[in-house]
Amino acid sequence: MAQSLARNFTIRNVLLAGILLMLAGDFMFALNDAMGKWLVTSFSVGQVVLIRSIGAFIVLGPMIANQGTARLFHMERPLLQFLRVVATTADTGLFYAAVVYLPLADVMSFYMAGPIYVAALSHLLLGEKVGWRRWLAILVGFCGVLIILKPSSAAFSLSSAFALIGSVAFAFAIILNRRLRGTSDTTLVTWQTIGTLLVGGALTIGAWRTPSALDFGAMLLLGIVSCAAHLMITRALKLAPASTLAPLHYSLLLWAVVFGLAFFGDVPSSRILVGSAIVVLAGLFIFHRQKVVETVVPPENVPKGVN
């Protein structure tokens with residue numbers, strides 16, 4: 001009896017640790033997004049992405065040293081690795097390009113549709129079976145995206161297109177993560193960071209503005225915060241079931257609203273709130289049905305701020 005109680009207590013503590021890490025990681029990602037929006041108002045997207053990527057290596061450096069640099073070059077499926085780097089780089093760059101002109105909550109609303117895109121792409125690209133209930137949820141979720149996008153000639157903007165394409169690139173990256181499960185997190189994050197570093201450097205040509213010590217430090221901190229958030233969520237998924245953690249990740253949208261209002265005075269419109277609610281409910285139903293059908297929700301299905 002005592003052993004059983006001790007075991008249950010340990011399980012509860014581990015589960016609680018996973019939940020707290022997930023919530024902390026989501027908060028860090030939202031903070032990263034708010035910092036990025038603040039910085040791209042004064043510096044080019046390329047410059048922010050470049051220095052942010054350098055900052056990420058402050059966290060990645062010890063991890064690479066511990067793993068060994070040789071493992072970075074012994075990867076499964078090099079072509080898929082390259083495509084994943086392209087997808088994650090596009091996701092990051094387009095996210096920051098979108099928040100130059102759009103409120104955080106608007107951009108995050110597009111990214112909250114990630115699980116919906118993943119469910120549809122998994123059927124088309126991976127041949128995974130998707131039942132009629134999830135297809136219905138996918139269609140409802142797309143309706144939510146259309147409400148957010150408001151695709152009329154008067155309302156459709158380039159920034160909205162950046163957010164939409166970036167969220168689809170994010171979904172492709174998740175699909176590729178499934179195919180590359182044998183690759184360590186350190187290797188995956190290192191190569192995607194190298195990708196953003198190179199693209200950021202290319203975009204900075206002719207658009208460099210010498211930052212103050214405070215701005216340079218803020219851009220380095222941006223990389224540290226983003227990398228730390230990614231590691232927190234990765235660890236959370238090892239401590240608690242993804243099906244338990246997935247709904248918590250939608251707290252990103254709440255933080256986007258709070259930070260947008262507090263720091264930028266952005267008040268989300270009723271259209272954004274309605275569309276976001278539809279997207280979130282559709283995403284939660286997809287998680288629920290996947291849990292019912294497969295009993296376990298793959299960690300790669302959990303939406304994340306990949307910025």
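A polar contact is a pair of N or O atoms within 3.5 Å; within protein, one must be able to donate a hydrogen and the other to accept it. The model shown in these close-ups is predicted.

View 1. Ser109 lies in helix α4, which spans residues 104-111. Its side chain makes a polar contact of 2.6 Å with the side chain of Ser276. The side chain of Ser109 also reaches the backbone oxygen of Ala105, again at 2.6 Å. Ser109 is buried, because its relative accessibility is 1% and buried means under 20%. Beyond its neighbours within four places in sequence, Ser109 touches Ile148, Leu253, Ile272, Ser276 and Val279.

**View 2. Ser160 in helix α7.** Helix α7 runs over residues 158-179 and contains Ser160. The side chain of Ser160 forms a polar contact with the side chain of Ser157, at 3.0 Å. Residues up to four places away in sequence aside, Ser160 is in contact with Leu102, Phe110 and Leu149. With a relative accessible area of 8%, Ser160 is buried.

**View 3. The packing of helices α3 and α8.** Helix α3 covers residues 78-99, and helix α8 covers residues 185-204. The two helices pack at an angle of about 55°, and their axes lie 9 Å apart. That angle makes α3 oblique to α8. Their crossing is right-handed.

**View 4. The residues between α3 and α8.** On the α3 side, the contact involves Gln81, Arg84, Val85, Thr88, Thr89 and Thr92. Facing them from α8 are Leu188, Trp191, Gln192, Gly195, Thr196 and Val199. By type, the residues of this contact divide into four nonpolar, seven polar and one charged. Arg84 of α3 is one of the residues in the contact, and Arg counts as charged.

View 5. Arg77 sits in the loop between α2 (45-67) and α3. Its phi is near 45°, a positive value in a residue other than glycine.

Terms used. Residues numbered from 1 in each chain as written. Predicted model: local features only at pLDDT ≥ 70, side-chain atom pairs only at ≥ 80, totals over all residues. Heavy atoms only, no water. Helix = DSSP H or I, 4+ residues; strand = E, 2+ residues; numbered from the N terminus. Buried < 20%, exposed > 50% of the residue type's maximum accessible area, 1.4 Å probe, protein only. Contact = heavy atoms within 4.5 Å. Axes fitted to C-alpha atoms, helices over the stretch in contact; angles between N-to-C directions. Parallel < 35°, antiparallel > 145°, perpendicular 65-115°, else oblique. Left-handed = near helix turned anticlockwise from the far one by under 90°.
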